[in-house]
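Dear colleague,

I am passing on the structure that follows, and below it I have set out what was found in it. Please read the notes with the structure open beside them.

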Amino acid sequence: MIQSEKILSAVRAQSALIHNITNYVVMNWTANCLLAVGASPVMAHAGEEAQAMTGLASALAINIGTLSEPWVKSMRLSMDTAQHKKIPIVFDPVGVGATSYRTDTARQLLDDACPTVIRGNASEINALAGLESTTKGVDSVDASNLAIESARKLANSYECVVCVSGAIDFVVEKNKIYEIKNGHPLMARVTGMGCAATALIGAFVATGESPFDATVAAMTVTGIAGELSAKKSSGPGTFQVNYLDFLDQMDGNLIRTYQKAKLL
Amino acid sequence: MIQSEKILSAVRAQSALIHNITNYVVMNWTANCLLAVGASPVMAHAGEEAQAMTGLASALAINIGTLSEPWVKSMRLSMDTAQHKKIPIVFDPVGVGATSYRTDTARQLLDDACPTVIRGNASEINALAGLESTTKGVDSVDASNLAIESARKLANSYECVVCVSGAIDFVVEKNKIYEIKNGHPLMARVTGMGCAATALIGAFVATGESPFDATVAAMTVTGIAGELSAKKSSGPGTFQVNYLDFLDQMDGNLIRTYQKAKLL
Amino acid sequence: MIQSEKILSAVRAQSALIHNITNYVVMNWTANCLLAVGASPVMAHAGEEAQAMTGLASALAINIGTLSEPWVKSMRLSMDTAQHKKIPIVFDPVGVGATSYRTDTARQLLDDACPTVIRGNASEINALAGLESTTKGVDSVDASNLAIESARKLANSYECVVCVSGAIDFVVEKNKIYEIKNGHPLMARVTGMGCAATALIGAFVATGESPFDATVAAMTVTGIAGELSAKKSSGPGTFQVNYLDFLDQMDGNLIRTYQKAKLL
């Protein structure tokens, strides 16, 4: 069993600096999720300081949600620095597949510097891997199988961990798959839940635990916080507020009581 | 009577993609309002993908709140694409009248591509139309009359719908004016309520209903959600949270009970 | 005794326009804090309108949290305009000391236009002043003394007020130090509390009261709102919501009951 409780404690003990180059839409939410769980966020995107800031951090989270050329250039500089200094990189291919600019940019960034973890939804992971559903109206088992195949392909290409998040989250490494059944449909009604999960994975990987275990722990924490928040909420507004409170309150007791994670 | 309930149901059934090029201040709030009402937001502003992203969307919402040249260029590309593909454009002239850069940019954008709906407050609509109050301390009837005259002028120039939002919202087309008396003063104490209304109009227009009816429906929903939230709130913080919950909970029953909309 | 209640009333009576060139992470939060306290925020950063917008404002708040060259250029233009028009400038040196780009940029901006108030945490104020703790594990009295020395050095160099915020806030002028012991540890678990305090100082200085008194009043209000919110909150999510409500509800009675401010 993966020790999510122990990894969460390490996140809080270290309160590690996580350098985020992320999208405008979710910056505030991402910073608040990192603070709520016990980590220290920093956002900085200027080419003049990207490398210096990454060099101070214990993990780098890259998210291409609102990309443009100056930002892509800084993402490249920061990823390069992280790779040379062995700082873990978590990469979020937001919207890959929607436009060729996104797909091409994501692939170029990943070709230049190997990520430690990639996290996206099924459609992004499929598009990044170059696999696409050939049939309309695939059922959910087929859809999961395709996403897992895509994740495994990426995990092999980049020698990294891949997390496919959705109603069920899958964490995939070369020879290993974990599934996490925590979470709630209200999470899809709030912007940036996936983007914040990417940053949280950064905080968990920054502990030095194995990237696979850290990713499972981060997704377990986010899923349980989502579930508990949904129970207390009357809609997506109260949900957001409660979610931050539950990230703060998450502990071994809640994890042991609610986690639905297992090796497949 | 405009069937706001029916149009809201269509918004939710379609969950249409709304492409927003909007200001930094309100991006998160706008995305969350769109999600709460049942639509699908996307934000993307790079020149490299603006046209491709607009081409995927069912409506384009343009907001010049924090404009700069690279963004204006992308707004132009996206508006051009929307016009050619007959994708409705909702335009928000934030701060027009405050600086000549804003006023000139807004007019140039609108001259290049005709909007489907323009939404602003009275001062922005007056400035965009080139009409200004010549007397100090005009009373509220005079102020409304001036704003309606400005709206009608813009509606004729651009052959579009114009919404003037304020304590009373007016929706104006060539020969038609609707007034909506929903809403609450707390709405003016939260940033981005107008900007989010613009995006919501995008979601309602995306249903294919007439832009006039869709705009009335969107403003009715936002006004009622504002009223109900204010009743439950102890200040602008709780108001925001409740507003998102009420956008999610809005239904035919609430609309029929609370709407104060009529043809003038 | 500084009349914080009277200055707060003036903020609300004037509802002055505060021009913010601030970081992406906190823009929404900052605008909402200004609205909640009763001021009128505007954000605009384009070189084409920076000077015009500053010219309309009653205070300029500059925050370098997510700086890049085009923004620095506009900060310079706006600060220059403010200086010539005698519009107060509040400067927030976010992250100074973390990278040389930040430290150099902050110093250049301050050399070009004298600020009215500088607000930062102890590490930023020390780095900006060029003083650094030479011993590891300094106790909190030593740390406070160093920060006050740094603040006094900056206050003398720039002939301005300097606020060092932290568990205890210090407001420093050439020959005067005030300490404010309001606040709560939860404030450090929400992003942008310091950035919003900078903007609130702008709103309070805009009243025309002495910058020293206005800064003490702003920090008193923010500290009391933080304390009261923390009491009502179950975590950093509910805290944010309550904080905005308390900024709105703040009044002479709450200030007189809770303030812990005194001249040292």
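**Chain contacts, central cavity and salt bridges**

A salt bridge joins A:Glu49 to C:Arg102, and the closest N and O atoms of that pair lie 2.7 Å apart. Please keep in mind throughout that this is a predicted model, and that the values below are computed from it.

That pair belongs to the interface of chain C and chain A, for which the count is 2 salt bridges. On the side of chain C that touches chain A, helix 5 (100–112) and helix 10 (236–249) of chain C each supply at least two residues, and helix 10 of chain C provides the largest share, namely 5 residues. Sorted by class, this side of chain C holds 11 nonpolar, 10 polar and 3 charged residues.

As for the extent of this interface, 24 residues of chain C are in contact with 24 residues of chain A, and the two chains bury about 1,900 Å² between them, of which 57% is on carbon and sulfur atoms. Of the area that chain C buries against chain A, 29% is supplied by C:Tyr24, C:Val25 and C:Arg189, which is more than any other three residues supply. There are also 12 residue pairs in polar contact across the interface of chain C and chain A, counting pairs in which both residues are at pLDDT 80 or more.

Turning to chain A and chain B, 24 residues of chain A are in contact with 24 residues of chain B, and the area buried between these two chains is about 1,900 Å², with 57% of it on carbon and sulfur atoms. Here A:Tyr24, A:Val25 and A:Arg189 supply 29% of what chain A buries against chain B, more than any other three residues.

The interface of chain A and chain B has 2 salt bridges, and B:Glu49 forms a salt bridge with A:Arg102 in which the closest N and O atoms are 2.6 Å apart. The polar contacts between chain A and chain B come to 12 residue pairs, both residues being at pLDDT 80 or more. Helix 5 (100–112) and helix 10 of chain A each give at least two residues to the side of chain A that touches chain B, with helix 10 of chain A giving the most, 5 residues. That side of chain A divides into 11 nonpolar, 10 polar and 3 charged residues.

Which helices supply at least two residues each to the lining of the largest cavity? They are helix 2 (27–37) and helix 10 (236–249) of chain A, helix 2 (27–37) and helix 10 (236–249) of chain B, and helix 2 (27–37) and helix 10 of chain C. The largest cavity has a volume of about 480 Å³, and a search of the whole structure finds 3 cavities of 30 Å³ or more. Its lining is made up of 30 residues, and those that lie nearest the centre of the largest cavity are A:Asn28, A:Gln240, B:Gln240, C:Asn28 and C:Gln240. By class the lining of the largest cavity has 18 nonpolar and 12 polar residues, and no charged residues.

Finally, the count of salt bridges over all chains comes to 27. One of them, within chain A, pairs A:Lys6 with A:Glu209, the closest N and O atoms being 3.6 Å apart. This pair links distant parts of the chain, since A:Lys6 sits in helix 1 (residues 4–14) of chain A and A:Glu209 in the loop between helix 8 (193–205) and helix 9 (211–232) of chain A, 203 residues apart.

With kind regards

Technical notes:
Residues are numbered from 1 along each chain as its sequence is written. Chains are lettered from A and ligands numbered from 1 in the order in which they are written. This is a predicted model: local features need pLDDT of at least 70, side-chain atom pairs count only at pLDDT 80 or more; totals for chains, interfaces and linings use all residues. Side-chain values use heavy atoms; hydrogens and water are left out. Contact means heavy atoms within 4.5 Å. Buried area is the accessible area (1.4 Å probe) that two parts lose on being put together, summed over both. A salt bridge is a side-chain nitrogen of Lys or Arg within 4 Å of a carboxyl oxygen of Asp or Glu. A polar contact is a pair of N or O atoms within 3.5 Å; within protein, one must be able to donate a hydrogen and the other to accept it, and residues adjacent in sequence count only if both atoms are side-chain atoms. Helices (H or I, at least four residues) and strands (E, at least two) are DSSP runs, numbered from the N terminus. Ala, Val, Leu, Ile, Met, Phe, Trp, Tyr, Cys and Pro count as nonpolar, Asp, Glu, Lys and Arg as charged, and the others, Gly among them, as polar. On a 1 Å grid over the protein atoms alone, a cavity is a set of points where a 1.4 Å probe fits but cannot get out, and a pocket is an open set with protein on both sides within 12 Å along at least five of seven lines; lining residues have an atom within 4 Å of a point. Grid points are joined across faces, edges and corners, and a volume is the space filled by probe spheres set on the points.
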